[in-house]
Every structure is written in structure tokens, then in C-alpha cells.
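Please look at the sequence and the structure before reading on.

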Amino acid sequence: MYYIPEPLNPKKDLGRFSATCFTYLWVMVAAVFIYVFVAFFVIMPGQGMDIQKTQDIVTKFMEKDGGAYILASCLGVLTFTVSRGKQLFKYDLRRKGRKMTPKVFFYMICFLLFAQMFTAVVNQMMQAIMQLFNLDLSSMESGGGGSETLTMLIYSSLMAPVTEEIIFRGAGLRALEKHGKVFAILLTAILFGLFHENLYQFYFASLIGLGFGYIAFEYSIIWSIIFHALNNFVIAEGIAFLSKKAPESIVNIVFYGLLIAGSTVFLLLLILKWPKFKEYIDANRSLPGTYRQAFKSVWFWVLVVFTFLETFLFYSGFFTPLYYLGNNKLANVAEIIKLII
């Protein structure tokens, strides 16, 4: 008896993963709503049942607290566990590749610094272009103030790297790898960028997602988690901490000095090793028509439209009672609770 493999269906596979990402976004919103709802009614008795005072306190508390993020990230892993079934922990997260070397480790750090530099340059260009049309979207820019509470530090430096890698470099890569490694790396990177629901972080998250995807495929997801944590804790949190302890001029010299040095090394590597990069791409490319079929997925475009609309509508103040959860901003549902009660 011969086994006939099921024909490849990139539209179905991308659609299913996109639909799960879309579901996760709503799970996050629900988790935040419940978290704030409970906090609201726990705090309100101590404020003499004054709704306005309670709202102000809860809003300030949620801007710094990471508890809802931690809850939402755990629910996110649960969502993808249900979607992938037993495969997530029995297969997706157990694949190993080559042994990490000091050279590759150093080059990956340089890549992360290049991604930061690239984002900083593009941000300035976008702001300049938008000013020509009298548009000010500076409030969309990723906040770099660092974590102000232990719970937020735990989330940004530990929980987010672990759960996001499990979702995108675990469930995502393995769900799409049958269509080629390059396809899986590229599409999960795009979805990773969309997941951040922030215009300025979209291309930064998508760019580093390419690196994390390569590392997860060729080494292991453990290393993609480590690099993700290093990016969040050492680069982002480290610079934020330094900015509070040293003069701004010194911080800028250190920060941009590292970005320029790391970017220079990475770009030189890209130029010198381009034949090997191209060889990897050619060896792991998809069958003709794969992308055309994949982009026919309705759920993929639902996710794209939803995240972009959410980004612009929430930041434009169209939905002033809510802040969405992307880019380390918690939903401020105190206004909605105030309307309900």
C-alpha cells in the first residue's frame, strides 16, 4: 500500500495560522479587559466609590503594570497549543540544528544593532514625509522609556521573548516550513510585525523576525528566544536604564556608537558573504506559485486590515475609551467600565 502525500496548500496553512493570530489578538483584549475590570472594582472601595478617582488611579497603574501582559501571553500560548495540538510541544519546539558558535552569536548581535539603526533612520524619514502633509503620528512611535515595574520588566525581558518565539518561531515556522524555509521565515516575520500593531515597530519586528526565523531553523528555538531576550533586556532595557543614570549626551554616544559599529559589521558581512546568503535562499525557496496561492488567504488579509485599521483608529482617537495592547500599551478600559456602571 503506497502512501500518497497530501498536496501542498499554502493558502490553507497561512490562513489557519493567520486566523489563530487573529484569535489571539482578541484573547489578549479579553484578558486585558478582565484584568482592568477586576482592578477597577478592587481599587474603587478605597476611593470612596468615586468612579473618576478610581479611573485615574487604574489608568496610571495599567500604564506601568505588566500583569495583564503576562496573563495575555500565557493565554496566547494556550491558544496556539489548541491550534497545533500535540505537535507544538512534541515536535515544533524540539527541532534542533547546528551548534551555536561564538562567530554566529557575534554576527547575530550585530544584526540586532543594525535592525535598531535601520528603524531609527526609517522613523526619521517617515516623520519628515508625514510632516509634508501636516500629519503628526509621533505618538505611534515605539516607546523606549524602559520598564518601570518588576512585572513589566518580567514581561518584556522574559515572558514576551519566550511566548512570542513559541508562537511565531515554534508554531508558525513549523506550520509553514513544508512550503520552504524562506517562505516560512518571511511570512512569520511579516505576521510578527503585524502582531505588534504599531506602524513604527512593524518593520523593526519584521526585520528581526527574519533573523530569529533563520536562527530557529538552523540552530534551535532556544537560541531565537535567547536573542529575543537579549534584544529586549540588554539593548532596549539596558539603554533605558543607562539614560536614567547618565547624561543624555553620553547615552547617545554609547547608543549610536554601538548601532553604527554593529551595523557596519553586519553590512560588511552581508556584502562579503552574499554568495552564501543567496545559496541558502536558492536552496530553500518555495515552489513556483506558492506566494500567489498563499496571499489568496482571506484570514491573512483580515489580519492585515484589522491590525492597520486598529493602529490608525486607536491612535487617531477614534476609539478614545480604548488603547490597544500592542507595543507595550495596555487597554484603558476604565472609560468603558465607567460607562457601564
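## Surface and overall make-up

The model is predicted.

The protein chain has 14 helices and 0 strands. Of its 341 residues, 46% are buried. Among contacts in the protein chain with a separation of 6 or more, 79% are between residues 24 or more positions apart.

## Nonpolar cores

In soluble globular proteins, nonpolar side chains tend to be buried together. In this chain, the largest nonpolar core has 57 residues. Phe17, Phe168 and Leu191 have the most contacts inside that core. Another core, of 7 residues, lies apart from it, and its members include Val36, Met44, Met62 and Ala68.

Which residues does Phe17 touch, leaving out those up to four places away in sequence? They are Phe80, Ile167, Phe168, Ala171, Gly172 and Leu191.

## Helices H1 and H3

Two packed helices are described by the angle between their axes and the distance between the axes. For helix H1 (residues 10-43) and helix H3 (residues 67-84), the angle is about 145 degrees and the axes are 9 Å apart. The crossing of H1 and H3 is right-handed.

On the H1 side, the residues making the contact include Phe17, Tyr24, Val27 and Tyr35. On the H3 side, they include Leu71, Leu75, Thr79 and Phe80. By type, the residues of the contact between H1 and H3 are 13 nonpolar, 7 polar and 1 charged.

## Two buried residues

Ile235 is part of helix H9 (residues 221-245). With a relative accessible area of 13%, Ile235 is therefore buried as well. Leaving aside residues up to four places away in sequence, Ile235 touches Leu112, Leu113, Gln116 and Leu230. One of these, Leu112, is 123 residues from Ile235 along the chain, and the C-alpha atoms of the two are separated by 8.9 Å.

Definitions and conventions. Residues numbered from 1 in each chain as written. Predicted model: local features only at pLDDT ≥ 70, side-chain atom pairs only at ≥ 80, totals over all residues. Heavy atoms only, no water. Axes fitted to C-alpha atoms, helices over the stretch in contact; angles between N-to-C directions. Helix = DSSP H or I, 4+ residues; strand = E, 2+ residues; numbered from the N terminus. Left-handed = near helix turned anticlockwise from the far one by under 90°. Contact = heavy atoms within 4.5 Å. Nonpolar A, V, L, I, M, F, W, Y, C, P; charged D, E, K, R; others polar. Buried < 20%, exposed > 50% of the residue type's maximum accessible area, 1.4 Å probe, protein only. Core = buried A, V, L, I, M, F, W, Y, C linked by side-chain atoms within 4.5 Å.
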